[in-house]
Amino acid sequence: MMAPLFSSKLLLVLLFGTLFGLVLGVLPGLGPTTGGALILPFTMTLDPLSAIILLTSIYCAGTYGGAITAVLINTPGTPAAAATCLDGYPLAQKGEAGRALGMATVSSTVGGIFSVIVLVFFAPILANLAYEFGQPEYFALAIFGLTMLASIGDGSPIKNLIAGAFGILISTVGKDFMTSIDRFTYGINELSVGIGFIPVVVGLFAISEMLTQSTLLDQVFKRVALKAVKLPTKDDYKKTWKTILRSSGIGSFIGVLPAEGGTVASLIGYSEAKRFSKNPEEFGKGSVEGIAGAEAANNAATGGAMVPTLALGIPGSATTAVILTGLIIHGVRPGPDLFKEQPEFLYGIFGAMLVANVLFFIFGFFGAKLFARITLVPNKILWPMIFAVSVCGTYSLSQSIIDVWIMLFFGVLGFFMRRYGFSVVPVIIGLILGELVEGTLRQSIVIFDGNWLMFLTRPIALTFFILSLIALVFPLIRSKKIKKKYDQV
Amino acid sequence: MNNVRDKKRANKSLPFFFRTEFKVFFTIILVSTILLISTFSFDTVPPILNRGIQPATFPKGLLVLMIVLTSIIYYLSFRRPWKKEKNLPKPFFLTIISFVLFIVISKTLDFFLAISVLSIFVSYNWGERRVFYLLLVSIIFPLVVFIFFEMVLGLRFPPGIITNLYYY
């Protein structure tokens, strides 16, 4: 598994990716998704394996990096670290920031490594299953992936579905791939090749975040001093080993589900840690179990989310959607054939994720104090620089100024979407899955000779449709239950 | 608790066309309808060549779905109005203006000049007053980016009054 990594170039890429990921994770508003989107155009100069290793190491380290800011300034560096704030910051306020970060580092590493093991075992199994899939099954699977968007984050399920449908709609811009008929091009030649992933991803994540930051300039962070990160004590290990293992399992499972990711995983990991704890009353006041539960789960989701991404080409989270974009622009088609034809490529990715988890443990343990200082870079200097990189990166891909306009358009659109409660993640996932959904639907209709009911005669497709129905209904029931509880309070 | 909720949802007291949910609903429906109408002008494939569905059918279905789902969220907002968002601060509008400036300058004068102008404009309006940092974001950093893209990645930027000095 590690053999493909024994090259100085790949190790350098891995080292850079881990450090860069940590920096991104530490900076509130950036994170591995935005950072991955920013670095995507630069990966074009790398070979496919180096490019994906760079993106995956950013993913692993960035997910952990969010915990540093969560503990020290009570602001999650990434959304996945939101649950870490609940106990990390109170513990830091008690003068135990080093202990809180030590627990976050250890549980993140264990969660991350656990999920890589899950990835190594389950991705090939899932890929083998995918051999049974024809066009109707892929269509049903893509629909399942899209309906899972309904339960992303804490937003409204219907708003998420609208955003997902909008993402698919963007994928229809340009020449129809079956008939070469122009759609939504309005006479603009550049649009006939369609709207690229990168302008949309950079716009929705980086530029919209820049606009969001422009509304938060009066925000003041209260920083807790950190002397050094401390390894958890024997007592802490005794208290938390079950929580870490449980959350690693939960995180990996949630990660495998299409479209779910670290944010959902960490919230469930945290609440389950509280439910099983002997001292639930300590939660929210600086419980190490709370930190362990959230951090093990969000890092375990990284490997889990890579399972459907690599085995089926269905992104498991927002960042894996960016990684999937990276695979596509490098001409790598995820799916069962990838496992058969390029096993060394896959094992390179698995090995890189494993090493990235070890590297961020070392960097986190010895460099958390330094990384925490990165948050001192003021937004008024940081964001104009990010803008310059975003513009040049977007332009560089096809050397088209139209791409830069598209990026700015999606930046403004993304800002307003977020302001009014629409997540931007479904747009990206919809854009990525759009061609798959339309292509498989149209080919299935040809196979079925126009008889839509034939979908129900395919057991795998039928199973996915039933799962899709559950995925649609479940968030509605959940939000009703939450509302009922809220009203009772 | 109820007082807090009522305060948060003060949006309800406004006339319906001023409410956030109506504005969002109206915008999505308007844009979707315009796009839906435009799908009727897509070319069609002759029946003999048509396998499956026409190219316009899939986008039409998506747009109808978006209109239906938007109507549902608007209907639900009658029972549970959205919370009122804070007014957008001045730096936000200035950042939007800087985007417009960027587009105009990059189209007429120079791509890198546009980046420099945007950087200094944003940095200054976000509160930076130190000359060194303003020079850093507007000249030094864009220059580093230019050199990196030009020399390391071998990219050629669009011609303009500043880039031409380098290219010619």
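**Figure 1. Chain B is built from seven helices and zero strands.** In this predicted model, the order along the sequence of chain B reads α-α-α-α-α-α-α. Chain B has 168 residues, and 24% of them count as buried. Take the contacts in chain B with a separation of 6 or more: residues 24 or more positions apart account for 59% of them.

**Figure 2. Here chain B meets chain A, with 48 residues from chain B and 44 residues from chain A in the contact.** On the chain B side, the elements giving two or more residues are α2 (20-39), α3 (57-79), α4 (90-108), α5 (111-125) and α6 (131-152) of chain B. Which of these helices gives the largest share? That is α3(B), with ten residues. Sorted by class, the side of chain B that touches chain A holds 34 nonpolar, nine polar and five charged residues.

**Figure 3. A close-up across the two chains shows α14 (residues 379-398) of chain A packing with α5(B).** The angle between these two helices is about 160 degrees, and their axes are 9 Å apart. Because angles over 145 degrees count as roughly antiparallel, α14(A) is roughly antiparallel to α5(B). The crossing of α14(A) and α5(B) is right-handed. To find your way around the view, look in α14(A) for A:K380, A:I381, A:W383, A:P384, A:F387, A:A388 and A:V391. They meet B:I115, B:L118, B:S119, B:V122 and B:S123 in α5(B). By class, this contact of α14(A) with α5(B) has nine nonpolar, two polar and one charged residues.

**Figure 4. Within chain A, helix α8 (residues 234-256) crosses helix α10 (residues 288-312) at roughly 30 degrees.** The axes of α8(A) and α10(A) come within 6 Å. Why are the two helices described as roughly parallel? The angle of roughly 30 degrees falls under 35 degrees, the cut-off for that description, so α8(A) is roughly parallel to α10(A). The crossing of α8(A) and α10(A) is right-handed. Their contact has 14 nonpolar, 13 polar and three charged residues.

**Figure 5. Zooming in on one residue, B:I105 sits in helix α4 of chain B.** Is B:I105 buried or partly exposed? With 19 other C-beta atoms within 10 Å, B:I105 is partly exposed, because a buried residue needs 20 or more. Leaving aside neighbours within four places in sequence, the contacts of B:I105 are B:D110, B:L113, B:A114 and B:V117. Please also look for B:G160, which lies 55 residues from B:I105 along the chain. The C-alpha atoms of B:I105 and B:G160 are separated by 9.7 Å.

Figure 6. A:V473 has 13 other C-beta atoms within 10 Å and is partly exposed. A:F363 is 110 residues away from A:V473 along the chain, and their C-alpha atoms are separated by 43 Å. In chain A, confidence is lowest in α17 (residues 459-488), at a mean of 74, and highest in α15 (residues 401-419), at 92. Over chain A the mean pLDDT is 85, and 93% of the residues reach 70 or more. A friendly reminder for any such view: where pLDDT is low, the predicted coordinates should not be read in detail.

Definitions and conventions. Residues are numbered from 1 along each chain as its sequence is written. Chains are lettered from A and ligands numbered from 1 in the order in which they are written. This is a predicted model: local features need pLDDT of at least 70, side-chain atom pairs count only at pLDDT 80 or more; totals for chains, interfaces and linings use all residues. Helices (H or I, at least four residues) and strands (E, at least two) are DSSP runs, numbered from the N terminus. A residue is buried if 20 or more other C-beta atoms lie within 10 Å of its own, exposed if 12 or fewer, and partly exposed in between; C-beta atoms are placed from the backbone. Two residues are in contact if their C-beta atoms, placed from the backbone, lie within 7 Å. Ala, Val, Leu, Ile, Met, Phe, Trp, Tyr, Cys and Pro count as nonpolar, Asp, Glu, Lys and Arg as charged, and the others, Gly among them, as polar. pLDDT is the predictor's confidence in each residue, from 0 to 100. Axes are lines fitted to C-alpha atoms, for helices over the stretch in contact, and angles run from 0 to 180 degrees between N-to-C directions. Angles under 35 degrees count as roughly parallel, over 145 as roughly antiparallel, 65 to 115 as roughly perpendicular and the rest as oblique. A crossing is left-handed if the near helix is turned anticlockwise from the far one by less than a right angle, and right-handed if clockwise.
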